[in-house]
Amino acid sequence: MKTRRDFIKTSALAGAAFSILPSGSVWSRSDNNKVRLGFIGVGARGQNHLEMALNREDVEVVALCDIQQRMIDMSLGIVANSGKPKPQIILDGPQGYKKLLDNKSIDAVIIATPWEWHARMCMDAMNAKKYVGCEVIVGMTVDECWEIVRTSEKTGMPLMMLENVCYRRDVMAVMNMVRQNIFGEMIHLQGGYQHDLREVKFNDGKHIYGHGAEFGEKGFSEAQWRTQHSVTRNGDLYPTHGIGPIAMMTNINRGNRFMRLTSYSTKARGLHEYIVKEGGENHPNAKINFKLGDVVTTMIQTANDETILLQHDTDLPRPYSLGFRVQGTKGIWMDVNRSIYIEGQSAKPHQWEDAKAWLDKYDHPLWKKYGSDAAGAGHGGMDWFVLNAFIESVKRKTAPPQDVYDAVTWSVITPLSEKSISQNGTSVEFPDFTNGKWKTRINQFALDDSY
Ligand SMILES: NC(=O)c1ccc[n+]([C@@H]2O[C@H](COP(=O)([O-])OP(=O)(O)OC[C@H]3O[C@@H](n4cnc5c(N)ncnc54)[C@H](O)[C@@H]3O)[C@@H](O)[C@H]2O)c1
């Protein structure tokens, strides 16, 4: 298999790959080979990343910033368990993160705050010459997405959205199969975020995954902020877990791009019924009219004439599934039934077969190499891979495998879907954040042998 280094040796391709990095070193990094990391937001997700970072010998956790004592205390417990030195603690209100950015010894930051903070924090961090790893999603509006791209291009600072599902083991095996033409030419793909979050969105602050009907100030973790988005917005609020892997399989921003989308939403019933069930009809939150439809369906058309169907479905009783479907001229894979069909190769015509043997056969080289390191990490191990890709990119001073253009192209689906729904499902055009570079960029995602 051609490795990423082989690609880099070919100078014409290297120019395309690292186009956002100006020549010469753009930011200084400590020489002891350790990445000096700062954390902005150490809630549930930030603590996951923190624990994994503390496990690594090539990372020094320099500073933690949050606005809640409780989250800082939980994080310090994680640090103490690791036996690593206590980092600088910044607990100084919503703007306190700027003090962390002032710390010149920090190479890179991980941002795991509520969505509404991401764009501002990403831009401030890039302006402070920090390499940025930001949780999903990075921008909430089209303008924010543009500002993020322009800031990255202006400062020369790379940004990676920490979209972990691109590293899921079955997804990477299927991507491997796509690249080896097992499915033929790509025709139609599906994915989404189909996860019953009602318990997470409403809780009483005593149990992270407990029952309750409270959110906002009375809630804990995501219930403090995420539920409010469902009160005021209607669109695909969380598209990146579904679209990230699909975008990589269809070479989006690398010879292909999203052209336009349409979105439709159902009525909103799930959250109201949950509040009534948990808190009773007289609970104050039972009066809220939620704007977010229970199921939001988005159809995207690509420049290469594939269609992509995305669904956001977080407020109804249902088992978890990201609902992937990858379909080409020779066959189809679906994750919900863990099945595959490849014409002429599957045992019986017109019949599903268990995908396991195929997924094992095409297990991605990164998983073969690092599967044991990733064992025990969050979400079946994929969280280890996404942090590893970020840290390795910082060490090498390269653009990350999922770059700033991916981050905004995947995130912008939310405001575009909100616009389409508000206009009764009219078609909305995607901006071309790469400004034409998508025509010549090369897909190198996960082709390196180490990240
Ligand atoms: N990739 C994944 O699998 C995955 C899983 C869970 C969450 N996430 C994402 O991670 C992000 C955080 O989610 P979470 O579940 O950790 O939420 P959370 O509410 O548990 O954590 C957010 C933290 O940010 C802190 N914060 C808020 N404003 C701040 C500010 N101005 N400065 C510093 N800290 C601030 C909060 O006090 C809180 O501790 C979100 O973008 C979410 O979508 C991703």
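How are α7 and α16 oriented to each other, roughly parallel or roughly antiparallel? The axes of these two helices cross at roughly 175° and come within 10 Å. The helices α7 and α16 are therefore roughly antiparallel to each other. Angles under 35 degrees count as roughly parallel, over 145 as roughly antiparallel, 65 to 115 as roughly perpendicular and the rest as oblique. Axes are lines fitted to C-alpha atoms, for helices over the stretch in contact, and angles run from 0 to 180 degrees between N-to-C directions. Helices (H or I, at least four residues) and strands (E, at least two) are DSSP runs, numbered from the N terminus.

The model is predicted: local features need pLDDT of at least 70, side-chain atom pairs count only at pLDDT 80 or more, and totals for chains, interfaces and linings use all residues. Residue numbers start from 1 along each chain as its sequence is written.

From α7, the contact with α16 uses Cys 145, Ile 148, Val 149 and Ser 152. From α16, Val 404, Tyr 405, Val 408 and Ser 411 take part. Two residues are in contact if their C-beta atoms, placed from the backbone, lie within 7 Å. By class, six residues of the contact of α7 with α16 are nonpolar, two are polar and none is charged. Here Ala, Val, Leu, Ile, Met, Phe, Trp, Tyr, Cys and Pro count as nonpolar, Asp, Glu, Lys and Arg as charged, and the others, Gly among them, as polar.

Helix α16 (residues 404-411) also packs against helix α11 (residues 240-249). Their axes are 10 Å apart, at an angle of about 130°. The pair α11 and α16 is therefore oblique. The crossing of α11 past α16 is right-handed; a crossing is left-handed if the near helix is turned anticlockwise from the far one by less than a right angle, and right-handed if clockwise. On the α11 side, Thr 240, Ile 243, Gly 244 and Ala 247 meet Asp 406, Trp 410 and Ser 411 of α16. The contact of α11 with α16 holds three nonpolar, three polar and one charged residue.

A further pair is helix α3 (residues 44-54) and helix α15 (residues 382-396), with axes that come within 10 Å and cross at roughly 70°. That angle makes α3 roughly perpendicular to α15. Asn 48, His 49, Met 52 and Ala 53 of α3 meet Asp 383, Trp 384 and Leu 387 of α15. Four of the residues in the contact of α3 with α15 are nonpolar, two are polar and one is charged.

The chain divides into domain 1 (18-164) and domain 2 (166-367 + 402-439). These bounds come from an automatic or database domain assignment. The C-alpha centres of domain 1 and domain 2 are 25 Å apart. Contacts link 23 residues of domain 1 with 22 residues of domain 2. On the side of domain 1 that touches domain 2, α7 (142-155) and β6 (159-161) each supply at least two residues. Helix α7 gives the most to this side, six residues. The side of domain 1 that touches domain 2 has 16 nonpolar, six polar and one charged residue.

The ligand is surrounded by 26 residues, the closest being Gly 41, Gly 43, Arg 45, Glu 135 and Ser 221. A residue is near a molecule or strand if its C-beta atom, placed from the backbone, lies within 6 Å of it. Helix α3 provides the largest share of this shell, three residues. The shell has 13 nonpolar, nine polar and four charged residues. Domain 1 and domain 2 both give residues to the shell around the ligand, so the ligand lies between them.

Two backbone features remain. Most residues other than glycine have a negative phi, and most peptide bonds are trans. The peptide bond from Val 136 to Ile 137 is cis, with omega near -10°. Ile 137 sits in the loop between β5 (131-134) and α7. Arg 338, a residue other than glycine, has a positive phi near 50°. Its place is in the loop between β12 (331-334) and β13 (339-342).
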